[in-house]
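Notebook open, sequence and model side by side. I wanted to look at ring contacts and then at one strand.

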Amino acid sequence: MLFVLMLSLFLAACGGETEEPEENSDEPANDEPANEDTENAAGENEGETAGADIEEAEWKFITEELDGQVQYEYAEEFAKRISEKTGGKITVTPYEYGGLGSEVDQVKSLQQGAVQLAVMSPGFTGNMVKEGQIFALHYLFPSDQRATQDILNTSEAINTDLRARYEEYDISPLGFWTEGAMAWTSNVGIEEPADFEGLKMRVQESPLMIKSYEAYGAAPQSLSWGELYTGLERGTVEGQENPIFFIYDAKFHEVQDTMTISNHNNYVAMTTANTSWYNGLSDNLKKIVDETIADMQDWVFDKQTELNNQFLEEMKANEEYPTEIIELTEEQRAAFEELAVDVREFYRTDVSTVDGAILDKLEGEIEAAE
Ligand code: 6CS
């Protein structure tokens, strides 16, 4: 035995062949070059190194928007980053709105695990995750979008408490971000609450959104955005709210005469994952997903700013479909705010399943931030 041991030491010292490493050994086999990626300077090929222990997989990522709009651009950027970080082992396939049914159908697809990831607007879960309707409350967040995004990034009420409510339904919101300030479109030119009187306002699937417009005297109804252009054209609905980039890119300005820059709220979207799938990811992949989403908060903020500015300019310059653009003064905004504040009470008593605790905490966080 001593002879055998000495012989193998002698052969190893001479650079002779050695045994293959045991299956579970972490060491590379001596007769193969060490992983070249790890030898590169400055983290080059970091993705390939990171991807070394990752199995190939495809993750489906649905969005509620089309190519060129914020959500879809987000999914494409996410796909690019995940591929880089996993050395191409994970392919994320983004899906535009439309192919997988309505927004509510998309929520079900995520819950059932037919897709792994989705950008979701809380408005479409309004009949299920009651607390998620918090984002339908007007004048809750600061009117400044950067300040709003900072709260969305750091709020415990949102990122811990609200997330837990969603996870009861197998939906994990991993990031909350604004798609920009909301504006109203109509043919009446909304400047004061009286302009809403009897107006058939389109909203998403959220009882609280309905309540918010009833507070102004409107006659709101829920509709998928896929039916919104035709609805406005035919007059089945007469007004709607959305960020400017979306109003212009979805061509609502073709069938609406005026846009009120009301900034009564901001449009919140969530990057969500199917909870069971997310929990089943390896620690390494979970970390890659979490870090990518955290890193993209600034990216998506810049993207929505860019698109909202760009489309506002395009709308102003459009002579084929001219739009009267109304900017509300602080005084005019205050008249809406006065009516909107009571809706918070409705949220506390009739919507919230936790006695308004999430709203109380969020209000405190907003106040502290301001
Ligand atoms: O109004 C809507 O329903 C749509 N608005 C935006 C900004 N994104 C998708 C959503 O479905």
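Predicted model: local features only at pLDDT ≥ 70, side-chain atom pairs only at ≥ 80, totals over all residues.

I began with phenylalanine 311, which counts as buried because its relative accessibility is 8%, under the 20% cut-off.

The rings of tyrosine 248 and phenylalanine 311 form a tilted aromatic pair, 5.7 Å centre to centre with 35 degrees between the planes. I checked where the two sit: tyrosine 248 is in helix α10 (residues 244-249) and phenylalanine 311 in helix α12 (residues 283-317), so the pair links distant parts of the chain, 63 residues apart.

Then I went through the other rings. I get 19 aromatic pairs in the structure. One of them joins phenylalanine 246 and phenylalanine 252: centres 6.0 Å apart, planes at 65 degrees, so I wrote it down as edge-to-face. Phenylalanine 246 is buried at 4% relative accessible area, and phenylalanine 252 is buried at 0%. Both belong to a cluster that ring pairs build from Tyr97, Trp225, Phe245, Phe246 and Phe252.

I also looked for charges over rings. Arginine 146 lies over the face of phenylalanine 301, 4.4 Å from the ring centre. Lysine 286 lies over the face of tyrosine 278, at 5.5 Å.

Last stop, strand β7 (residues 239-243): five of its five residues are buried. Which strands pair with β7? I found β4 (residues 171-186) antiparallel to β7 over five bridges, with methionine 182 bridging to proline 243. Strand β5 (residues 201-203) runs parallel to β7 over two bridges, and methionine 201 has glycine 239 as its bridge partner.

Note on methods
Residues numbered from 1 in each chain as written. Heavy atoms only, no water. Buried < 20%, exposed > 50% of the residue type's maximum accessible area, 1.4 Å probe, protein only. Helix = DSSP H or I, 4+ residues; strand = E, 2+ residues; numbered from the N terminus. Pairing = 2+ DSSP bridges. Phe/Tyr/Trp six-rings, centres within 6.5 Å; stacked < 30°, edge-to-face > 60°. Lys NZ or Arg CZ within 6 Å of the ring centre and 35° of its normal.
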